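Please open the model in your viewer and keep the sequence panel beside it.

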Amino acid sequence: MRRTRRSSPRLRIAPVLGLLAALLLPLGITFAPRATAAPAAADPVRVMPLGDSITGSPGCWRAVLWNRLQNSGYTDIDFVGTLPPQGCGQAHDGDNEGHGGELVTNVADQNLLPGRLAATRPDIVVMHFGTNDVWSSIAPDRILAAYTKLVAQMRASNPDMRILVAQLIPMNPASCAACAQRVVDFNARIPDWARATSTERSPITVVDQWTGFSTATDTYDGVHPNASGDDKIAARWFPALSAVLDAGIPQDPGGPGDPGEDPAACTARFRAVSSWQGGYQGEVTVTNTSASAASGWTATVVPAGGARLTQVWNGTHTTAADGTATVTNAAWNGALAPGASATFGFVATAPATAGAPAATVTCMAKTPPA
């Protein structure tokens, strides 16, 4: 809600000062102009990366994500956390809340998060948390209860908190044969939990970090990401986080005109149109499933079998090192009424061993400006 500022009473004496200046000018006396204060710049959007060692030790996906955001024009942001950066070989804002070895259930039981929130005051939380709990064979119900408690604490800190929650990357350490399936079982519970916990004022967006991630090629120990894994994680966070940034963060909680649309209210569907030796043509339909109009959309396409998008129409795209493509709407097909759809097509190259065309697709809708 924007408030109208009243005119200062000092402005009413301006004519008197002008007359006085005119009378004194022949005497060689002048007034120096009063300095005008520059308008205060808006505070940067504060983003907290929250989790365990995958986020903070060193959690170099944060560096990749930070630089991708900067290069895409999202420069008015501030990564925050009580922990300092830990290298990663590229300049970035390294503040974070990724505590190595922590269990999300312990953080909830010991009420560790409120103090960290008070020290950093985030607007957005990006959370990949629970790997150590899954490794410790803690029941999904208990982990999700910890999630719920942390979300309540986030909202107590900021009623308009935007929350991005990851479905965990795969885990297959040599010392835990059951961990791989435990991650699958836990991830399957997250979407329903998010739908039940999300609110219009403080939406929760689920980000699929599991699909397309390989413990064999994207980690160095079956758990922690290597450089390839960092690229994949950042590529999955980017469209979800950029959609939230595009939607805007309310500056006056609860006022009229504040954005209230859930930026995740969108579905995407893949269809193979035709295929040939070494490639295929695909099509993705994006549908606005919210009750409000959308001003734009972003889709993520993860081709199966090592395929890569080489050409896109009815949208613009970028492709990460792992082949994950991010497609944003064209100028003419971004606005979608509730229930309306837009379709974009693409051509992909594929290895001879790729099999039938397939891709995992997700999307995010953007809230119109207030």
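Begin by selecting β11, β12, β9 and β14, which in that order form an open sheet of four strands with antiparallel pairing. Helices (H or I, at least four residues) and strands (E, at least two) are DSSP runs, numbered from the N terminus, and two strands pair if DSSP finds at least two bridges between them. The edge strands of this sheet are β11 (315-319) and β14, each of which pairs on one side only. On average, neighbouring strands are turned by 20° against each other, direction ignored. Axes here are lines fitted to C-alpha atoms, for helices over the stretch in contact, and angles run from 0 to 180 degrees between N-to-C directions.

Before going further, note that this is a predicted model, in which local features need pLDDT of at least 70 and side-chain atom pairs count only at pLDDT 80 or more, while totals for chains, interfaces and linings use all residues. Residues are numbered from 1 along each chain as its sequence is written, and side-chain values use heavy atoms, with hydrogens and water left out.

Now centre the view on A299. Which residue of β12 stands opposite A299? It is V327, and β12 (residues 325-329) is joined to β9 by four bridges, the two strands running antiparallel. In β14, the bridge partner of A299 is C363. Strand β9 (residues 296-303) pairs with β14 in the antiparallel sense over eight bridges. Strand β14 (residues 359-366) is largely enclosed by the rest of the structure, because six of its eight residues are buried. Buried means under 20% relative accessible area, exposed over 50%, and partly exposed in between (1.4 Å probe, protein chains only).

Strands β10 and β13 (residues 341-349) pair in the antiparallel sense over five bridges.

The next stop is empty space. Rolling a probe the size of a water molecule over the atoms shows where empty space is left. The structure holds two cavities of 30 Å³ or more. On a 1 Å grid over the protein atoms alone, a cavity is a set of points where a 1.4 Å probe fits but cannot get out, and lining residues have an atom within 4 Å of a point. Grid points are joined across faces, edges and corners, and a volume is the space filled by probe spheres set on the points. The largest cavity has about 50 Å³ of space. To find it, select Q209, T211, G212, F213, K232, R236, D322 and T324, which line it. This lining divides into one nonpolar, four polar and three charged residues. Ala, Val, Leu, Ile, Met, Phe, Trp, Tyr, Cys and Pro count as nonpolar, Asp, Glu, Lys and Arg as charged, and the others, Gly among them, as polar.

Move on to I143 in helix α7 (residues 140-157). Is I143 buried or exposed? I143 is buried, with a relative accessible area of 1%. Leaving aside neighbours within four places in sequence, I143 is in contact with V104, T105, D133, V134, I138 and F186. I143 and T105 are 38 residues apart in sequence and 6.0 Å apart in space, C-alpha to C-alpha.

Finish with backbone details. Select S57 and P58: the peptide bond between them is cis, with omega near 0°, and P58 lies in the loop between α2 (53-56) and α3 (61-71). In α3, the buried residues include W61, W66 and L69. After α3 comes G73, whose phi is positive, near 100°.

N111 lies in the loop between α4 (104-109) and α5 (113-120). N111 is not a glycine, yet its phi is positive, near 50°; N111 is partly exposed, with a relative accessible area of 42%. Lastly, select R121, in the loop between α5 and β4 (124-128). R121 has a positive phi of about 50° although it is not a glycine, and at 53% relative accessibility R121 counts as exposed.

Note on methods. Contact = heavy atoms within 4.5 Å. 1 Å grid on protein atoms, 1.4 Å probe; cavity = no way out; pocket = protein on both sides within 12 Å on 5 of 7 lines; lining within 4 Å.
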